[in-house]
Amino acid sequence: MQLYHHPYSLDSQRVRLALEEKGIDYTSFHVNPVTVKNMDASFFRRNPSAKLPVFQNGHHIIYNTIEIIQYVERIALVSSGEENIPSSGGEVTAWMHRIKQWNPKFFTLSHIPKKHRDYVYKFIRQVIIARMAEATDLAAAYHTKLVQVYETEDKLKDPAVLKQSKEQLIRLLDQVEKRLNESAYLAGEEFSMADVMLVPVLARLVLLNLKEEYIDGRPNTAKYWIMVQQRPSYKKVIGKHFSGWRKHKTFIRTWCFVHIRTILRRF
Ligand SMILES: N[C@@H](CCC(=O)N[C@@H](CS)C(=O)NCC(=O)O)C(=O)O
């Protein structure tokens with residue numbers, strides 16, 4: 001089994017948490033979307049949406065995060081040989097879909113200084129154009145991606161888009177807070193795949209220095225956040241890259257890559 005993913009990608013974090021929680025071995029391939037590795041022809045040919053993560057088992061490829069997680073659950077069930085391990089019930093699935101409805105893209109980008117965002121987006125556009133010239137058979141798909149990049153940049157200028165994303169996040173966090181008043185985890189007393197969907201959202205808020213605004217004022221969520229960070233899966237998938245000084249190391253590496261390529265005009 002292969003997973004194409006990156007520590008920056010929230011959906012990748014979700015899938016990796018599921019794999020760690022279920023103890024499933026896999027071959028890991030890092031595809032950094034900020035250094036635009038997701039547009040390399042070898043990856044893009046496999047996945048013309050260029051989105052992460054991509055999960056492959058033999059000839060079977062899955063692109064949808066929830067489908068991957070449910071597939072991982074089934075593998076864990078089969079390989080355990082036990083028949084009475086419960087797979088996710090209705091409430092877990094409902095939470096997974098509810099959480100997935102919030103797209104972190106615009107919210108995240110809107111909290112990155114415009115100057116840095118513009119620099120990276122210009123780099124992304126130049127890389128796509130360079131790849132288009134190298135692999136002409138993929139030109140149409142690259143062109144679609146280029147249009148999407150321009151659309152993203154346009155949407156980021158629209159305060160209504162950002163307002164809607166923020167309001168949707170607040171509604172979700174309020175529902176979570178209410179639910180966590182009834183049980184330790186999102187769908188009961190056991191950590192489940194619903195939590196796997198939620199934890200990266202909280203980690204993203206912390207990364208953007210928004211913990212005080214979105215987590216601390218919700219006491220059940222604040223308690224939950226402390227608890228989930230103790231899990232080995234969290235430490236391996238998220239903590240390792242983003243706790244304390246490590247987050248600077250993670251970003252500086254990417255930033256240097258983008259900066260040097262831009263200076264040398266090597267896309
Ligand atoms: N196909 C995924 C969505 C994945 C997704 O949106 N991935 C983001 C990162 S979390 C991405 O790769 N964005 C890069 C891009 O849009 O080019 C799903 O439905 O679960």
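1. Helices here (H or I, at least four residues) and strands (E, at least two) are DSSP runs, numbered from the N terminus. With that in hand, take residues 125-251: the span is 76% helix and 0% strand, and its end C-alpha atoms lie 20 Å apart. UniProt lists this stretch, in an unreviewed entry, as "domain: GST C-terminal". UniProt positions are given in the numbering used here, feature names are shortened, and annotations may be inferred rather than shown by experiment.

2. A word on what we're looking at: this is a predicted model, where local features need pLDDT of at least 70 and side-chain atom pairs count only at pLDDT 80 or more, while totals for chains, interfaces and linings use all residues. Residues are numbered from 1 along each chain as its sequence is written.

3. Now the other annotated stretch. For residues 1-80 the UniProt record, again an unreviewed entry, has "domain: GST N-terminal". This span is 44% helix and 19% strand, with 17 Å between its end C-alpha atoms.

4. On to helix packing. Helix α6 (residues 114-134) packs on helix α7 (residues 139-155) at about 170°, axes 9 Å apart; axes are lines fitted to C-alpha atoms, for helices over the stretch in contact, and angles run from 0 to 180 degrees between N-to-C directions. That's why α6 is roughly antiparallel to α7 (angles under 35 degrees count as roughly parallel, over 145 as roughly antiparallel, 65 to 115 as roughly perpendicular and the rest as oblique). The crossing of α6 past α7 is left-handed, a label used if the near helix is turned anticlockwise from the far one by less than a right angle, with right-handed if clockwise.

5. Who touches whom in that pair? From α6 there are Tyr 121, Ile 124, Arg 125, Ile 128, Arg 131 and Met 132, and they meet Ala 139, Tyr 142, His 143, Lys 145, Leu 146, Val 149 and Glu 153 of α7 (contact: C-beta atoms, placed from the backbone, within 7 Å). The contact of α6 with α7 splits into eight nonpolar, one polar and four charged residues, where Ala, Val, Leu, Ile, Met, Phe, Trp, Tyr, Cys and Pro count as nonpolar, Asp, Glu, Lys and Arg as charged, and the others, Gly among them, as polar.

6. Helix α12 (residues 232-242) has helix α9 (residues 193-207) at an angle of about 10°, with axes 12 Å apart, so α9 and α12 are roughly parallel. Val 199, Pro 200, Ala 203 and Leu 207 of α9 meet Tyr 234, Ile 238 and Phe 242 of α12. That contact has seven nonpolar, no polar and no charged residues.

7. Helix α1 (residues 10-22) also packs on α12, at about 145° with axes 9 Å apart, in a right-handed crossing. Gln 13, Arg 16, Leu 17, Glu 20 and Glu 21 of α1 meet Pro 232, Ser 233, Lys 236, Val 237 and Ile 238 of α12. The tally is four nonpolar, two polar and four charged.

8. Two backbone spots to check. Most residues other than glycine have a negative phi, and most peptide bonds are trans. Val 36 has a positive phi of about 65°, and sits in the loop between β2 (27-30) and α2. The Leu 52 to Pro 53 peptide bond is cis, omega near -5°; Pro 53 is in the loop between α2 (41-46) and β3 (54-57).

Conventions
Two residues are in contact if their C-beta atoms, placed from the backbone, lie within 7 Å.
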